[in-house]
Each structure stands twice: as structure tokens, then as C-alpha cells.
Amino acid sequence: MTIQQQKTNATLVDTGRGVFKQHGLRGLYRAVIPTAIREALYTCGYLGLGPVLADHLSKPSFGQSDFMATLTGSIIAGTIATTFSHPIDTAKTRMQTDLSRRVYPTLVSTLQKIVMEEGSSALFKGLLPRCLRTIGAFVVMINLRQAVLDYKATATA
């Protein structure tokens, strides 16, 4: 909806009505598969890889404080998750701009079209700003996850 709203300068409600009127439910759920793939990769990073790295880096052999271990783990995990998910995110965004499915009908054809017309580097446009946002989010999410685990451990003890 945000992408369509940016294109039309309409309110969120008017944008939703317009998309539904023109494209039905298919328009509202456009690019749901690439969105799910992107979110799965992102989630694996902040719930899986980030905490594992932070835990490993906080061991005495590394000598890092808990905060530095979390920050370093977030930087590494956020960079990996963003790099792997960014081409899917790029295709998702293109697909969501094309609700009629004329230019970007499927995920695979969208990825192929981008690479053929613009080169593989086009899949990574905007990677750095997204990576920086992701790292910040990973710091928050890893700390939040740990706080919940600590609370749960003290509540059940």
C-alpha cells in the first residue's frame, strides 16, 4: 500500500479502495511470496544468527562486553541477512509497483528482467542504507530477545 500511496499521493484508505477496485484481492496481496522470503531471511538473522554470534563473542576468549558482543553480532548478522535478502526485496518492490503484472509478472521473471536489463548490480541498489537500518534493528531485537529470555528465566525460577 505504501508504494501505491507514494505513486498516487492519495490517503491510505483511498489507496486501498483504489487498488481493491482495480485489482481485487490480488492487488492487495501483490508480491506476498517475495515479502515472506525477505522476512524469513531477516528473521533468521535477528533470532538465529545474531544471538549465536553475540553469545560466541561474549565468551571470555574474545573478552568483549555483552554490549560490544551484541553490537558486533548485530553488524555481522545484519549485513549477512540484508545482503541475502536484498535482491528479493528489490524484486518485491518492483512487483508491487506493477499491480497490472505487465512488466514484472513473477518473482523469477522480475529477477531475470532486472539482471538482463540493468545488470546484477541493480539487485543491490540501496543495500548500504538498508543494511544500516537492519543493523540498528538487530541491536534492538537481539537485546529485546535477551531481556525476554532473562525475564522468563527469573519468572520461572
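Guide: Let us begin with Ser85, which is called buried because its relative accessible area is 1%, and buried means under 20%, exposed over 50% and partly exposed in between, with a 1.4 Å probe and protein chains only. This is a predicted model, in which local features need pLDDT of at least 70 and side-chain atom pairs count only at pLDDT 80 or more, while totals for chains, interfaces and linings use all residues. Residues are numbered from 1 along each chain as its sequence is written, and side-chain values use heavy atoms, with hydrogens and water left out.

Visitor: Where is Ser85 found, and what makes the link between Ser85 and Arg130 a polar contact?

Guide: Ser85 is found in helix α4, residues 66-97, where a helix is a DSSP run of H or I with at least four residues, a strand is a run of E with at least two, and both are numbered from the N terminus. The side chains of Ser85 and Arg130 are joined at 3.0 Å, and a polar contact is a pair of N or O atoms within 3.5 Å (within protein, one must be able to donate a hydrogen and the other to accept it, and residues adjacent in sequence count only if both atoms are side-chain atoms).

Visitor: Why is the pair Asp89 and Arg38 called a salt bridge?

Guide: The closest N and O atoms of Asp89 and Arg38 are 2.7 Å apart, and the rule asks for a side-chain nitrogen of Lys or Arg within 4 Å of a carboxyl oxygen of Asp or Glu, so the name applies. Asp89 lies in helix α4 and Arg38 in helix α3, so the pair ties together parts that are 51 residues apart in sequence. Both Asp89 and Arg38 are buried, and a network of salt bridges links Arg38, Glu39, Asp89 and Arg130.

Visitor: Is Glu117, in its salt bridge with Lys113, buried or exposed?

Guide: Glu117 counts as exposed because its relative accessibility is 54%, whereas Lys113, with a relative accessible area of 25%, is partly exposed. Their side chains meet at 2.7 Å, N to O, and both residues lie in helix α5, four residues apart, about one turn of the helix.

Visitor: How do you know that α3 bends, and how does its reach compare with the expected span?

Guide: α3 bends by about 35 degrees at Gly45, the bend being the angle between axes fitted to the seven residues ending there and the seven starting there. With 26 residues, α3 reaches 36 Å from its first C-alpha to its last, close to the 38 Å expected at 1.5 Å a residue, where the expected span is 1.5 Å times one less than the number of residues.

Visitor: What makes Tyr42 and Ile142 members of a nonpolar core?

Guide: A nonpolar core is a set of buried Ala, Val, Leu, Ile, Met, Phe, Trp, Tyr and Cys residues joined through side-chain atoms within 4.5 Å, and the largest one has seven residues: Tyr42, Tyr46, Leu53, Ala77, Ala81, Phe138 and Ile142. The largest share of this core, three residues, comes from α3.
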